[in-house]
Amino acid sequence: MQTNIIPEDGYSVIQLSGKLDTDTAVKVDAVFSQTVELQNHLLVDLSALRYISSAGLRILLLAAKRVQQKGGKIILYALQENVNDIFDISGFSSVFKICKDKESAIAALKD
């Protein structure tokens, strides 16, 4: 699992690549926790995320709660088909705002 944080004006982009599972969840949780301390709004680029387990879904849910407590928004974008399927099956598609690309995620942030 690799993470990359890109600070932007008014939000940060967190890029996740590889597998988000039990083995990588603690590391990713720390990344989200640190980023939320600095920024209220997060865009999460999942274009390079190949797999997400229930532990990974839990980390995203915790990040969303942190963001909401600060009055911010979290928007996921560019999900690969298999990751999107996991979101659909688990019901997380209705929990998160999911966009097809960064441009539409930025537009959704402004709504």
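Reply: Helices are DSSP runs of H or I with at least four residues, strands are DSSP runs of E with at least two, and both are numbered from the N terminus. This is a predicted model, in which local features need pLDDT of at least 70 and side-chain atom pairs count only at pLDDT 80 or more, while totals for chains, interfaces and linings use all residues. Residues are numbered from 1 along each chain as its sequence is written, and side-chain values use heavy atoms, with hydrogens and water left out.

Me: What pattern does the chain follow when read along the sequence?

Reply: The secondary structure comes to four helices and five strands. Taken in sequence order, these elements give the pattern β-β-α-β-α-β-α-β-α.

Me: Among contacts in the chain between residues at least 6 apart in sequence, what percentage join residues at least 24 apart?

Reply: A contact here means heavy atoms within 4.5 Å. Among contacts whose partners are at least 6 apart in sequence, the share that joins residues at least 24 apart is 70%.

Me: Which residue meets Glu-8 in a salt bridge?

Reply: A salt bridge requires a side-chain nitrogen of Lys or Arg within 4 Å of a carboxyl oxygen of Asp or Glu, and a search of the whole structure finds two of them. One of these has an N to O distance of 3.5 Å and joins the side chains of Glu-8 and Lys-102. The pair links distant parts of the chain, 94 residues apart, with Glu-8 in strand S1 (residues 2-8) and its partner in helix H4 (residues 102-110), namely Lys-102.

Me: Is Lys-102 buried, exposed or partly exposed?

Reply: Buried means under 20% relative accessible area, exposed means over 50%, and partly exposed lies in between, with a 1.4 Å probe and protein chains only. Glu-8, at 30% relative accessibility, falls in the intermediate class. Lys-102 has a relative accessible area of 26%, and therefore counts as partly exposed.

Me: Which residue meets Asp-29 in a salt bridge?

Reply: The side chain of Asp-29 meets that of Arg-66, with an N to O distance of 3.0 Å. This pair also links distant parts of the chain, 37 residues apart, with Asp-29 in helix H1 and Arg-66 in helix H2 (residues 54-69).

Me: Is Gln-39 buried or exposed?

Reply: Gln-39 sits in the loop between H1 and strand S3 (42-52). Leaving aside its neighbours within four places in sequence, Gln-39 is in contact with Glu-8, Gly-10, Tyr-11 and Ser-12. Its relative accessibility is 17%, so Gln-39 counts as buried.

Me: Which residue has a positive phi although it is not a glycine?

Reply: The residue lies in the loop between strand S4 (74-77) and helix H3 (81-90). At a relative accessible area of 18%, Ala-78 is buried. The phi is about 60°, and the residue is Ala-78.

Me: What distance separates the C-alpha atoms of Gln-80 and Ser-33?

Reply: Gln-80 is found in the loop between S4 and H3, where, leaving aside neighbours within four places in sequence, Gln-80 is in contact with Leu-46, Ser-47, Ala-48, Leu-49 and Arg-50. Ser-33 lies in helix H1 (residues 25-38). Although Gln-80 and Ser-33 are 47 residues apart along the chain, what is asked is the spatial separation of their C-alpha atoms, which is 24 Å.

Me: What distance separates the C-alpha atoms of Ala-30 and Ala-63?

Reply: Ala-30 is found in helix H1, and Ala-30 is partly exposed, with a relative accessible area of 35%. Ala-63 lies 33 residues from Ala-30 along the chain, and their C-alpha atoms are separated by 9.8 Å.
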